[in-house]
Amino acid sequence: MNGWMGRIVTVDLGSGRQEELPVSDEMRRRYLGGRGLGVRLYSDLCPQPPDPLAPENAILFMAGPLTGTVMTSGRFQVVSRSPLTGTICDSSSGGSFGAALKSAGLDGLVIRGRAERPVYLVVSHGQVEMRDAAGIWGLDTQRTQKALQERAGAKASVACIGPAGENRVLFAAILNDRDRAAGRGGLGAVMGAKNLKAVVAAGDRATAIADPVGYKEMSLRLDRAVDKNPVTGKSLQVLGTSVLVNIVNAHGMFPTENFRRGVFNDAEGISGEKIAESLLQRQSACYKCPIGCGRTTRTRNKSGEGPEYETVWAFGAHLGVSDLSAIAEANYACNELGLDTITMGSTIGCAMELCECGAWDAGLRWGDAGRLTGWVEDTAYVRGVGADLALGSKRLAAKHGRPELAMQVKGMEIPAYDPRGAQGMALAYATSSRGGCHMRAYMIMPEILGHPVFLDRFSTAGKPEIVALFQDIAAVVDSLVLCRFLQFAVGISTLSEMLRTVTGLDIGDEELLRVGRRINTLERLYNLRAGFTRADDTLPPRFRNEEFQTGSSRHRVVRLEEMLDRYYAVRGWDPQGRPTAATLAELGLQDGRRG
Amino acid sequence: MAAAVEIRFYALLRRRLERRRLAVDGDGLSVLDLLSLAEEQAGRPFLDELLDRGRGLLSGTMILVNGENIRLKQGLATRVHSGDVVDLFSPAGGG
Ligand code: SF4
């Protein structure tokens, strides 16, 4: 088989039994791999949404048909039901673990049940072996990876949890290849609840290419396109993702002190430009990636990876902190302990506002840079104020009687773009299948950065159509599985060319977009079954009612109601956001009730 | 030069010019003329980071006048006035 390995294995951690999960050619054509195939298989395995931390829940590690081939293809997707949001969730991570999983002979690994004692899994030669993790349970993610690589060889790639995942913190991350994280949605807690410390993958199988000549020619073209593009060929390399700090701040939508302002006065001090001239040691890159947006940094006390834009914001402007070293060290701590930096920082910001208004007497204050790492550690070990922070912002704010102070959608904290500054981004947050996430449809690209075309960020006209299109393209990229930053340099036709040369599957651009639409619709069906309704496709009242008084996004609110009906119509969903029978038929999802 | 137009450089432009800002006596000029004047004054070329050969905006270039993208105004023909702040970003991205 070209592209795919043609093998997905299910392991039950309770019984130790493993078996091959049959996947038809038709299924691969309709869902590709990664996120799409993962969500499809998950829906079939867990048709009734289970308690995310119960043994009945499944967690899938998925590679895609392009994994291990073209540039940026070392990535993988983890799919499960999120303990943070209760939605279907997939979380993406870079590094080389995805490529290692395929070299080990698998397109995907499905894990069910709960081990009696801590275990880890080793994948090689298409087989999965369960081993005792007693000696590594309790270790942080860096020591865990080191210990397992000593056993399995330096070439092995390890995806693991740290103490936060073991302690089932609702936003625990999965770390691999040192500091790459499947961060969002708390799937590290799902591993922890299964007593699963890590998955190790190693092997030497190559992904077969259907059209080697076409592939070579296309790869050269791709190299040139990425190199020539000013974003992928220059900006991301030199300045990393934090180049966005000054850009978003200049647009008056850099969320400051829990989204109460859109301009952070100390933005320069935490910008990508500043990182480049202070903490930066060198750039770092995932498997086969010429872009290399990663930053290896050093502070006075430590060194590590990051901070990326989202993290700079979450521990910086969001908390009124401008001490770059403190931000970087909080980032290192999140990586070591296994926590999502966005939810961690956002939850601390929510806590600061709760304390300021007297709803919670825990002593968290704006700008208190010196305590960031301590709060991160307390959260990972669920102790002191960390016991409350470990709830995430939605549960924390509700517990202290001020639910409106959590800046989240469906329980997931929204990231570093205030939706009042970009109406399309607002709609994307509200309708994302995993809650407040910018990656489901990165509308900042057209609304702020002007790629591939420039759109008026304050207009709602045409936004429902474009959000749906961006969501569909994102689902395709997540299912192939590639890095989303490639989208700055290539469009849908390059994606279908990649699929064709690698797998031989020639479905064309339109059909590929339909695959994206099918995946988004399938995720919608799952969330409906999990109890979500139109009422959940919304944003916190702050964005709908409160205006900024300064900055270039002042006097604006989110106008969701102007867009939501149209968005449902574009999607072929009824006014309650439920896919119609005609839509299900068109997408071949007639068995949609079952998922 | 309190009444000048203030130009602020970011990202790769800042690295190239090794400066963060420049005050230009550009009251009443179009953005295009302002930038040409700024290039002269800065003593180093930088417009190639922002404009294409036909002197249109490169895809992805962000030029803000008082926080508003000139693409939403009259593009490079947008007039600037003393006291205005012009932010220049060469094409950039992240996530
Ligand atoms: S662009 Fe960055 S995140 Fe994407 S594959 Fe390359 S290094 Fe990894």
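Val481(A) lies in the loop between H19 and helix H20 (492-503) of chain A. Helices here are DSSP runs of H or I with at least four residues, strands are runs of E with at least two, and both are numbered from the N terminus. The peptide bond from Leu480(A) to Val481(A) is cis, with omega near -10°. The model is predicted: local features need pLDDT of at least 70, side-chain atom pairs count only at pLDDT 80 or more, and totals for chains, interfaces and linings use all residues. Residues are numbered from 1 along each chain as its sequence is written, chains are lettered from A and ligands numbered from 1 in the order in which they are written, and side-chain values use heavy atoms, with hydrogens and water left out.

A cis peptide bond also joins His451(A) and Pro452(A), with omega about -15°. Pro452(A) is placed in the loop between helix H18 (444-449) and helix H19 (463-480) of chain A. Phe259(A) has a positive phi, near 70°, and is not a glycine. Its place is the loop between helix H9 (244-250) and helix H10 (272-277) of chain A. Most residues other than glycine have a negative phi, and most peptide bonds are trans.

The ligand sits in the largest cavity. A cavity is a set of points, on a 1 Å grid over the protein atoms alone, where a 1.4 Å probe fits but cannot get out. A molecule sits in one if more than half of its atoms lie within 2 Å of its grid points. The residues around the ligand (a heavy atom within 4 Å) include Thr72(A), Arg75(A) and Arg180(A). Cys286(A), Cys289(A), Cys293(A) and Cys483(A) are also among them. By class, the shell has 7 nonpolar, 2 polar and 2 charged residues. Ala, Val, Leu, Ile, Met, Phe, Trp, Tyr, Cys and Pro count as nonpolar, Asp, Glu, Lys and Arg as charged, and the others, Gly among them, as polar. At least three shell residues come from each of domain 1 (8-201) and domain 2 (239-411) of chain A. The domain bounds come from an automatic or database assignment.

In chain A, 3 strands form an open antiparallel sheet in the order S13-S14-S15. Strand S13 (280-284) and strand S15 (303-305) are at the edges with a single partner strand each, so one side of each is left without a neighbour in the sheet. The twist averages 20° from one strand to the next; axes are lines fitted to C-alpha atoms, and angles run from 0 to 180 degrees between N-to-C directions. Strands pair if DSSP finds at least two bridges between them. S13(A) and strand S14 (residues 294-298) of chain A run antiparallel, joined by 4 bridges. Ser284(A) stands opposite Gly294(A) in S14(A).

Strands S7 (residues 119-124) and S8 (residues 127-132) of chain A pair in the antiparallel sense over 6 bridges. Ser124(A) faces Gln127(A) in S8(A). This hairpin has 2 residues between the strands, and His125(A) takes a positive phi near 50°.

In chain B, 5 strands form an open sheet of mixed pairing, ordered S2-S1-S5-S3-S4.

Notes. On a 1 Å grid over the protein atoms alone, a cavity is a set of points where a 1.4 Å probe fits but cannot get out, and a pocket is an open set with protein on both sides within 12 Å along at least five of seven lines; lining residues have an atom within 4 Å of a point.
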